[in-house]
Amino acid sequence: MSDMIHGLPLRWTLALGAAAVVLLSALAFGSAGWDTALVLALRLPRVLAAAGVGALLALAGLVMQVLLRNPLADPYVLGTSGGASVGALAALLIGTHVWIGAGLGALGAGGLLLLLARRALASTDDASPRLILVGAMLAALFGALATLLLMLTPDERLRGAIFWLVGDLSAAREGGMCIAAAGLLLAMLIFRGRPIDRLMLGSEAAGLLGEPVRRLRVELLAAASMAVGLAVATAGAVGFVGLVVPQAWRLAGVQHTRELAGLSAIGGATLLVAADLISRTVAAPMELPVGAVMALVGAPCFIALLVRGVR
């Protein structure tokens, strides 16, 4: 098979083709069948939200992998999504905007992770086990805090809050905002592609090549945290998109940040739209939490990559 189809590299052709098929399927299929008014009023906003959230999470996962120089890094596994969930729940309780709380929570969790992982990142040996352990403990901590906040949630909101924490797109209507934010993050990663590639070589090597390492890390951390915060505020704590998508493209031979970012955005949108389609059709008229569907896909992938010792 040729590596080019109509002027596009094969992987881009496959990614765009798969995205088109999944998006059209998500619009066409549902428990209520095809009804133009229903599609435009309910199904289209949900599909757009899933696409935007998926792109945000995939790009945020890519950024986390750059920051920690660990291909197993993911906002959900390392506690950033948990921090965003705690912030969102706190905002819900005090009556402020959920996305503000989620963004601040994700930023705090990301900063804490980077601070705790500083020694591991500076070491010359393989720091992956320590990074994963630190992230897992942060995820457990934020999970406990979320549980405590749930105890304070009024009864009339409790069921919705629990369903939202495990990932839920049924009431998501911020698709346009999520897609716009994903576009901005993608533009940043493309514009800063060369410095990010150098950062992947290590902070010392990047510094010797003239890159402002500390400033670049702060920029990337802030961008990834706000992306996770918006994604969590829109759809709850959906995990493993940021792990599965960038790593799948790396295994396919994509290494440079600019191409990896573009393909990850498309792949993340496609994956989460497909997961949402499964969640609302496989047990129709009941709906499954999309976060649970993603965990069924992502957790085995994470275990397989960890056992293989992916670098």
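I began with Thr80 and set aside its neighbours within four places in sequence; Thr80 is then in contact with Met64, Pro75, Ala106, Ala109 and Val228. I note here that the model is predicted.

Next I looked up where Thr80 sits, and found it in helix H3. Is Thr80 buried or exposed? Its relative accessible area is 1%, and buried means under 20%, so Thr80 counts as buried.

I then turned to the whole of helix H3, which covers residues 80-94. I checked its length: at 1.5 Å a residue, its 15 residues should span 21 Å.

How many residues of H3 are buried? I found 11 of 15, so I wrote the helix down as mostly covered. Among the buried residues of H3 are Thr80, Ser81, Gly82, Gly83, Leu89 and Ala91.

I followed the chain past the end of H3. Just after the helix, Gly95 takes a positive phi of about 90 degrees.

Last, I looked at the surface. Leu93 and Ile94 form a nonpolar patch there with Met151 and Leu152. Together the four residues have about 480 Å² of accessible area.

Where does Leu152 lie? I found Leu152 in the loop between helix H6 (128-151) and helix H7 (155-165). Its relative accessibility is 61%; the cut-off for exposed is over 50%, so Leu152 counts as exposed.

Definitions and conventions: Residues are numbered from 1 along each chain as its sequence is written. This is a predicted model: local features need pLDDT of at least 70, side-chain atom pairs count only at pLDDT 80 or more; totals for chains, interfaces and linings use all residues. Side-chain values use heavy atoms; hydrogens and water are left out. Patches are made of residues with over 30% relative accessible area and no salt bridge: like charges are joined within 9 Å, nonpolar side chains (Val, Leu, Ile, Met, Phe, Trp, Tyr) within 5 Å. Accessible areas come from the Shrake-Rupley method with a 1.4 Å probe; for residues, only the protein chains shown count as cover. A salt bridge is a side-chain nitrogen of Lys or Arg within 4 Å of a carboxyl oxygen of Asp or Glu. Helices (H or I, at least four residues) and strands (E, at least two) are DSSP runs, numbered from the N terminus. Buried means under 20% relative accessible area, exposed over 50%, partly exposed in between (1.4 Å probe, protein chains only). The expected span of a helix is 1.5 Å times one less than its number of residues. Contact means heavy atoms within 4.5 Å.
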